[in-house]
Amino acid sequence: MWELTLQTMPFLLEGFLNTILISLAAITCGSLVGLLLGLARTVGPGYLGNLVGLYVHLVRATPFLVQIYIVYYVLPTSGWGIFDFSNFVAAVIALTIYTSSYTAEIIRGSLEAVPKGQWEGAAAVGMTMWQRLLNVILPQAWKLTLPPLAGVYVLVIKGTSILSVIGVVELMRQGEDAIHRHPAHIMWILFLCAALYFLYCFPILRGIKHMEARIALRGRRNPANEEGW
């Protein structure tokens, strides 16, 4: 097994690097887009909230595999050069769309979970809507987003495992190639792939847990900050 590991690990690590790059880009872009969409749906005008709601439901109600086929195979047929993505860029765009839909709902839910009295109290002291949002509501809402966001980020990382359908050489694609070269050791190669996914996902989950604990501790030390005032 040691010799097999030495033979396959360089290829697996090459795919693992692509998995990290694609997932980090998608998580970063998807989180930013999701934040804007969540704000638009919560505090924006009604028509904008409805449009964002339609986008969120469409994306969440369709398989990710369909979305990536549309981005990589369907959009280029429109004839617009701007849609001629490489498989790497198409993967990042598709995962960004996927991430943004879930992040938008998490942001919306967290904002709506803040008691209305916080909005009303901030308005009573003369704050504008954006001052209320930035100084009072978001500091309370963002900590509510951490647990569900951690789950979404792990889903995004594991979602990269199907990007080989458009030719992206990520971790599982390299694992499949290794299995074709060494079919008698399929279990060991899959174990190596699973171990690499675990090494990537576990620190994220622990990091989010650590942030939650620190926030809770700070809230107990300073209840005024916990309440956003």
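A residue counts as buried under 20% relative accessible area, as exposed over 50%, and as partly exposed in between. The model considered here is predicted. Y73 has a relative accessible area of 42%, and is therefore partly exposed. Y72 is likewise partly exposed, because its relative accessible area is 22%.

A pair of aromatic rings is described by the distance of the centres and the angle of the planes. The structure holds nine aromatic pairs. One of them is formed by Y72 and Y73: with 5.0 Å from centre to centre and 75 degrees between the planes, this pair is edge-to-face.

The rings of W188 and F191 provide another pair, with centres 5.2 Å apart and planes at 25 degrees. Planes under 30 degrees apart count as stacked, so the pair of W188 and F191 belongs to that class. Both residues lie in helix α8, which covers residues 186-221. W188 and F191 are three residues apart in this helix, which means that about one helical turn separates them.

F64, Y98 and Y102 together form one aromatic cluster. At F11, a charged side chain is placed against the ring: R181 lies over the face of F11, at 4.7 Å from the ring centre.

Terms used:
Residues are numbered from 1 along each chain as its sequence is written. This is a predicted model: local features need pLDDT of at least 70, side-chain atom pairs count only at pLDDT 80 or more; totals for chains, interfaces and linings use all residues. Side-chain values use heavy atoms; hydrogens and water are left out. Rings of Phe, Tyr and Trp (its six-membered ring) pair if their centres lie within 6.5 Å; planes under 30 degrees apart count as stacked, over 60 as edge-to-face and the rest as tilted. Buried means under 20% relative accessible area, exposed over 50%, partly exposed in between (1.4 Å probe, protein chains only). Helices (H or I, at least four residues) and strands (E, at least two) are DSSP runs, numbered from the N terminus. A charge sits over a ring if NZ of Lys or CZ of Arg is within 6 Å of the ring centre and within 35 degrees of the ring normal.
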